[in-house]
Amino acid sequence: VAVELGLLVPPITIRDNLRIGSRQYAIHIRGTKIASGQLYPRQLLAVPVENSAGKPSGRETVDQATGKEAVWIAPSQQQAAQRMKCAVYSPIEVLVRHLAEIVAQRAAELLSREQVAQMLEGLRGVAPSVVTEAKEKFKIGQIQRVLQNLLGERVSIRDLESILEAMTDELAPKDGAEAITEHVRLRLGRRLWRRYFAEDGKLWCVRLHPELENRIRSDNGDGANLASPRHLQTTLNSEVTGALGRGLSLLRKQGRRPVVLCAPNVRAKVREMISHSQPDVTVLGYDEVDTNEVKSVVQVGSDNDSENV
């Protein structure tokens with residue numbers, strides 16, 4: 001997680017709990033239960049991946065780290081599962097992968113203000129002028145909020161120097177954390193989308209139809225429907241979530257990462273709409289993707305969703 005996101009994970013305590021089942025585990029953050037799962041210590045978890053030739057017989061389950069269908073198998077079935085091109089994990093690997101996924105999902109709330117202050121002091125030895133300018137222009141809490149926004153969408157904050165340079169470039173605290181975050185994302189550019197490329201060298205995604213983008217844009221706080229009734233906003237949110245859910249399921253069935261590509265001025269709103277129901281989905285704006293190798297499995301939001309656009 002530290003390598004991928006640039007977040008130093010706080011200490012993790014492991015303890016026995018007799019109040020849960022003997023094969024169960026639970027993950028808590030600051031005393032609140034976030035996730036749970038079940039392990040079979042004498043078995044292995046086989047997870048079909050892209051191009052897998054089926055799956056072995058066994059105890060049907062779900063891989064908690066990815067949400068994919070999986071099977072608990074006996075150790076004697078490991079070679080057969082691997083011949084089917086399934087990924088095979090030990091119970092400890094299953095637990096650690098789930099834990100890492102939860103930490104990545106909750107990275108924003110794990111980034112404390114004290115940790116941000118330590119990161120700034122660590123960077124001071126490398127780029128003192130950048131840190132000085134950033135601290136003169138922004139409060140620690142404002143920098144923390146921008147970094148949390150980035151982590152909330154799994155954007156790495158390892159290159160803190162570039163992030164601070166983008167923040168201090170023609171931006172001021174009055175611009176607001178969301179606007180500053182969008183500016184930083186644009187400056188990070190290629191580093192945002194390169195990691196979502198498939199093995200075939202293409203960025204597979206779901207696109208939004210222009211009609212739906214126009215409706216979202218008009219409800220985004222800068223259009224005529226700024227004061228639209230709450231029930232209409234809820235209806236639009238449900239429509240967007242449902243339409244994207246159908247498209248994203250196609251990507252997942254193909255073993256691809258769930259990525260949405262849309263107009264820049266609705267990107268943040270789309271992400272907000274689906275963040276609770278689909279926290280693992282990446283939403284990119286057209287201006288953030290500098291490549292022609294984009295393939296959409298479906299364009300959603302019109303009367304007739306069109307596939308293979």
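Leaving aside its neighbours within four places in sequence, which residues is Leu164 in contact with?

**View 1. The surroundings of Leu164 in the predicted model.** Leaving aside neighbours within four places in sequence, Leu164 is in contact with Leu120, Leu123, Val130, Ala134 and Ile143, where contact means heavy atoms within 4.5 Å. This is a predicted model, in which local features need pLDDT of at least 70 and side-chain atom pairs count only at pLDDT 80 or more, whereas totals for chains, interfaces and linings use all residues. Residues are numbered from 1 along each chain as its sequence is written, and side-chain values use heavy atoms, with hydrogens and water left out.

**View 2. The nonpolar cores.** The largest nonpolar core has 47 residues, and those with the most contacts inside it are Ile143, Leu147, Leu164, Met167 and Val184. A second, separate core of 23 residues includes Leu248, Cys262, Ala263 and Val281. Such a core is a set of buried Ala, Val, Leu, Ile, Met, Phe, Trp, Tyr and Cys residues joined through side-chain atoms within 4.5 Å, and buried means under 20% relative accessible area with a 1.4 Å probe, counting protein chains only. In the chain, buried residues make up 41% of the 309 residues.

**View 3. The chain and its extent.** The chain has 13 helices and 11 strands, which are DSSP runs, with helices (H or I) of at least four residues and strands (E) of at least two. Along its principal axes, the C-alpha trace of the chain spans about 60 × 55 × 40 Å. Of the contacts in the chain with a separation of 6 or more, 65% are between residues 24 or more positions apart.

How values were computed: Buried < 20%, exposed > 50% of the residue type's maximum accessible area, 1.4 Å probe, protein only.
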